[in-house]
Amino acid sequence: MQFPWISLALGLVAAAANIAGGWAVARGPWPPTVLRYFVALGSGFMLAASLLEMLPESYALVGDVAAVWMLVGYLLIHFFEHTLSAHFHFGEEVHPEEVADARRTQTVLFGLMIHAFVDGVSIASGFLISDFLGWVVFLAVFLHKMPEGFTVSSIMIASGQGPRTALLASVLLGISTVAGVLVMFPFRSQVPYTLPLSAGVTLYVAASDLIPEVNREPGIRMAMVVFIGVLLLLGLEWLFTL
């Protein structure tokens, strides 16, 4: 199975989005409304991508075993984000008193690095199946990359670190994303298992991290953006079948 080098280029783009989110925080005030719309759009697109694209492809590759690996991916991110870290919110400002402990801050950073690593694995796994799936997975990853960089930098600032450390944290996420793409070079034959694992991670981020943040917003505008994210994926499927 030949390694799709386009996944490396798009992994670098995703990493750049991580860094852009971190830079936006490190340079000064950031309008939170823009971030919230990214979160809402990304949640809908990721939810649809995991259930309508990644999961069916996984079942085609390994049958019912796909459900097991999807569950493993889901629980893996839950473990690193919420079991090791007592308090974690994706895509929002964090209260300083809740992240002041240096060990907790490092744990959250480590959990996000694991998530970013799996993002890279997801991009490469998608392209190993088909170009269409690869682009769908990349878009799903890209839409939450800037909020992810925003989050980790916000955590650093809230815990008393300077802008330089905040930006460095987002750079570490970018490096982790690229590392996830590269690790699939020697393990590309394992894509029947890495794809459903990635589907579980994508489902977790959409349903457990992002959707709850959307639900915290009053009114229906933010909720409607979730549906736009789903329609965006369905539109891509329709264009692909033309």
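The structure discussed here is a predicted model. Leu203 belongs to helix α8, which covers residues 191-215.

Leaving aside neighbours within four places in sequence, Leu203 is in contact with Leu47, Ser50, Leu51, Met70, Tyr74 and Ser208. One of these residues, Tyr74, is 129 residues away from Leu203 along the chain, yet the C-alpha atoms of the two are separated by 7.0 Å.

## The chain as a whole

The chain contains nine helices and zero strands. Read along the sequence, its pattern is α-α-α-α-α-α-α-α-α.

Of the 242 residues in the chain, 51% are buried. Among contacts with a separation of 6 or more, 85% are between residues 24 or more positions apart.

Helix α1 runs over residues 6-26. The buried residues of α1 are Ser7, Leu10, Gly11, Ala14, Ala15, Ala17, Asn18, Gly21, Gly22, Ala24 and Val25.

Helix α1 packs with helix α7 (residues 163-183) at an angle of about 165 degrees, and the two axes are 8 Å apart. Angles over 145 degrees count as roughly antiparallel, and α1 and α7 are therefore roughly antiparallel to each other. Their crossing is right-handed. On the α1 side, the contact is made by Ser7, Leu8, Gly11, Leu12, Ala14, Ala15, Asn18, Ile19, Gly22, Trp23 and Ala26. On the α7 side, the residues are Pro163, Leu167, Ser170, Val171, Leu173, Gly174, Thr177, Val178, Val181 and Leu182.

Helix α2 covers residues 32-62 and includes Ser58. Ser43 is also found in helix α2. Ser43 has a relative accessible area of 0% and is therefore buried. A polar atom of the Ser43 side chain lies 2.7 Å from the backbone oxygen of Ala40. Beyond its neighbours within four places in sequence, Ser43 is in contact with Ala206, Leu210, Ile211, Val214 and Val226.

Ser58 counts as buried because its relative accessibility is 0%. Not counting residues up to four places away in sequence, Ser58 touches Gly63, Ala66, Leu195 and Pro196.

## Ala140 in helix α6

Ala140 lies in helix α6, residues 131-158. With a relative accessible area of 4%, Ala140 is buried. Leaving aside neighbours within four places in sequence, Ala140 is in contact with Phe45, Met46 and Ala49. Phe45 and Ala140 are 95 residues apart along the chain, and their C-alpha atoms are separated by 6.0 Å.

Methods:
Residues are numbered from 1 along each chain as its sequence is written. This is a predicted model: local features need pLDDT of at least 70, side-chain atom pairs count only at pLDDT 80 or more; totals for chains, interfaces and linings use all residues. Side-chain values use heavy atoms; hydrogens and water are left out. Helices (H or I, at least four residues) and strands (E, at least two) are DSSP runs, numbered from the N terminus. The expected span of a helix is 1.5 Å times one less than its number of residues. Buried means under 20% relative accessible area, exposed over 50%, partly exposed in between (1.4 Å probe, protein chains only). Contact means heavy atoms within 4.5 Å. A polar contact is a pair of N or O atoms within 3.5 Å; within protein, one must be able to donate a hydrogen and the other to accept it, and residues adjacent in sequence count only if both atoms are side-chain atoms. Axes are lines fitted to C-alpha atoms, for helices over the stretch in contact, and angles run from 0 to 180 degrees between N-to-C directions. Angles under 35 degrees count as roughly parallel, over 145 as roughly antiparallel, 65 to 115 as roughly perpendicular and the rest as oblique. A crossing is left-handed if the near helix is turned anticlockwise from the far one by less than a right angle, and right-handed if clockwise.
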